[in-house]
Amino acid sequence: MEGLLLSAFIYLGAAVIAVPVARRLGLGSVLGYLVAGVLIGPVAGLVGSETRSLQHVAEFGVVMMLFLVGLELEPRKLWAMRHRLLGLGGLQVTLTMMVIGAAAYALGLAWQSALAIGAVMSLSSTAIVLQTLGEKGLARTAGGEAGFSVLLFQDIAVIPMLALVPLLAIPELQALQWAARDHGAGPAHDTMSLVAGLPAWGVTLVTLGAVAAVVLGGHYLSRPLFRFIAASRLREVFTAAALLLVVSIALLMTLVGLSPALGTFLAGVVLANSEFRHELESDIEPFKGLLLGLFFITVGAGIDFELFFAGPWLVLGLTLGVILIKALVLLVLGWIFGLRGSANALLGLGLAQAGEFGFVLLGFTERQAVLAPEPARLMLLVVALSMMLTPVLFIVYDRVLQPWLDRGASRDPDEIDIAGPVIIAGHGRFGQIINRLLLSNGFKTVVLDHQVGTIDNMRRFGVRAFYGDASRPDLLHAAGIETAAVLVVAIDDRERATQIVRHARRLRADLHIVVRARDRTHCYELYEAGANDIIRELFDSSVRAARNALEALGMHPFRAEQAARAFVRHDRRTLAELAAVWDPQVSVFENPDYLRIATEREKAMEALMQGDSDDHHDRTERGWMPPPRPVYPPSRR
């Protein structure tokens, strides 16, 4: 018991110290976990032989992550992704497997072993890549979405790989394994395995049968089970049932020699349309995060530095060779599939490592007499080191490639050959809704965006848009700022948005400027810059949610709508009064005029909501319009 508590203290303490430090240095949490594992394992020797067994437990973090990924993928979404999923993902796995397999064969391995190594190294780390893309806000970019499609195909490709491996058994290695087992040595099959002693075709049939059982069982049996458990209205029982589902599928996959993560991914896809999807996500998420971090620590702690120092140049050469081959294949395919600039670089560098499935596949190939123990041990080290280098590759992308590629692209914007009464800067989640509404009402728009992937996707749907940075004065001139009636600034970079508003106001005193604001302070900055309509990005949706909450609490819908409108009118007037006294050089907590007005208006709000105020005469339904003021307000900077 004391040993267990000491190990838990070491692992948790290493994570609590290393991960915040890594995040503070801009290195990401994954590198923090990996470094923590190296420090407590090979460097300090605080953990030892238990690392490998603990890694099997920590791999449940990967299992749960794949289950959650599957829950987000309805069959309809998979069908919509089919071109990149099968095209980009399928070609990446096939070409990488062929190139690395050919290199391994050229180094003297049997063709069966070379093909198995090619298959193992064609896979990337779903755990590291998805975690890092999410932390850095790159998951929704063109490169991030393409990378997700490739990772998804790789996860699916593990099924045929595991079915293929037994067919590649080398007779000489089989004979050596049988002889070793007869003398009590060598890798023995798990006594619980359902495929022990079966011929190759029998293993394949059992594998396919297990996959079919997961799909059919998840579709026909899980829903009645969860309905029965939900009727008990006990949250802890539902959590236990969710964990039972994941553990049972993982156990079935293990018994037939398949990856547990693969089985739970399939189950997640099957349950993606279930009414219990969100409940399952909330129950599994805390366990996933903790176990995934533990998995990264065990990867770092399990690096075999003894083998590394026995031949460091060989290990580094193989690791860098794998990364280089995968990156080149991904860059070529990304270019073919329309990715350019930083989006293509993100795809190439982000997925250049080997993945956690490599640990499973390499052990499986060794047990199936496809790969000898020494090459398998060396490949395990290559997989671990390539995963260790992945955060470094993301840092190179963030700090070197992305700024260089994006800066290079910004010097060559599209030539704008149309004109319209409305210029829209930014076509993300906010700007595209504005553009669609204006176009549907017959108004021509000139759309500018500095994301190449966004522009390419819009053109596939027949929407005219132009690549370029709207904060550049020459691009605004080319877009027709001198003759436009309205400028809509819909970008999420607050400094650039304010810069665009200030420049446009200096050019045109009569131009109507509608701009997206991130928060109240940004509203004040935009007010001073000269904006007309300032729309806080979350304000309207928050008011709508509050109105729904009032109705759920029993308030009549008409009364709830009146309360919401009164609140909006009062808040807009308050915002205008506060903007007039806001000083960027003084904190709002040290500004007496700001504090006085804010306090007075808050009390007036309470009186208004109780019906004790006559502040109901202003019934305008327009957006927030600042009170009359000079076009160029005196600067307080």
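In which sense do E1 and strand E4 (residues 486-489) pair, and over how many bridges? The two strands pair in the parallel sense, over four bridges. Strands pair if DSSP finds at least two bridges between them. Strands (E, at least two residues) and helices (H or I, at least four) are DSSP runs, numbered from the N terminus.

The model is predicted: local features need pLDDT of at least 70, side-chain atom pairs count only at pLDDT 80 or more, and totals for chains, interfaces and linings use all residues. Residues are numbered from 1 along each chain as its sequence is written, and side-chain values use heavy atoms, with hydrogens and water left out.

Ile424 of E1 (residues 422-425) stands opposite Val488 in E4. Val422 and Ile424 point one way from E1, and Ile423 and Ala425 point the other way. All are buried, that is, under 20% relative accessible area; exposed means over 50%, and partly exposed lies in between (1.4 Å probe, protein chains only). E1 is also joined to strand E2 (residues 445-449) by four bridges, and these strands run parallel. Ala425 has Leu448 as its bridge partner in E2. With helix H21 (residues 429-440), E1 and E2 make a right-handed β-α-β unit. Right-handed means that, with the strands pointing away from the viewer, the path from the first strand over the helix to the second runs clockwise.

Ile500 lies in helix H24 (residues 494-507). Ile500 is buried, at a relative accessible area of 0%. Beyond residues up to four places away in sequence, Ile500 touches Ala470, Ser471, Leu476, Leu487, Val489 and Ile491. Contact means heavy atoms within 4.5 Å. Pro473 is 27 residues from Ile500 in sequence, yet their C-alpha atoms are 8.4 Å apart.

Aromatic contacts were also examined. Rings of Phe, Tyr and Trp (its six-membered ring) pair if their centres lie within 6.5 Å; planes under 30 degrees apart count as stacked, over 60 as edge-to-face and the rest as tilted. The count comes to seven aromatic pairs. Phe305 and Phe308 are edge-to-face, because their planes stand at 70°, with ring centres 6.1 Å apart. Both belong to helix H16 (residues 305-310), three residues apart, so about one helical turn separates them. Phe308 and Phe309 are also edge-to-face, at 5.3 Å centre to centre and 75° between the planes. Phe305, Phe308 and Phe309 form one aromatic cluster. Phe305 is partly exposed at 24% relative accessibility, Phe308 is buried at 14%, and Phe309 is exposed at 59%.
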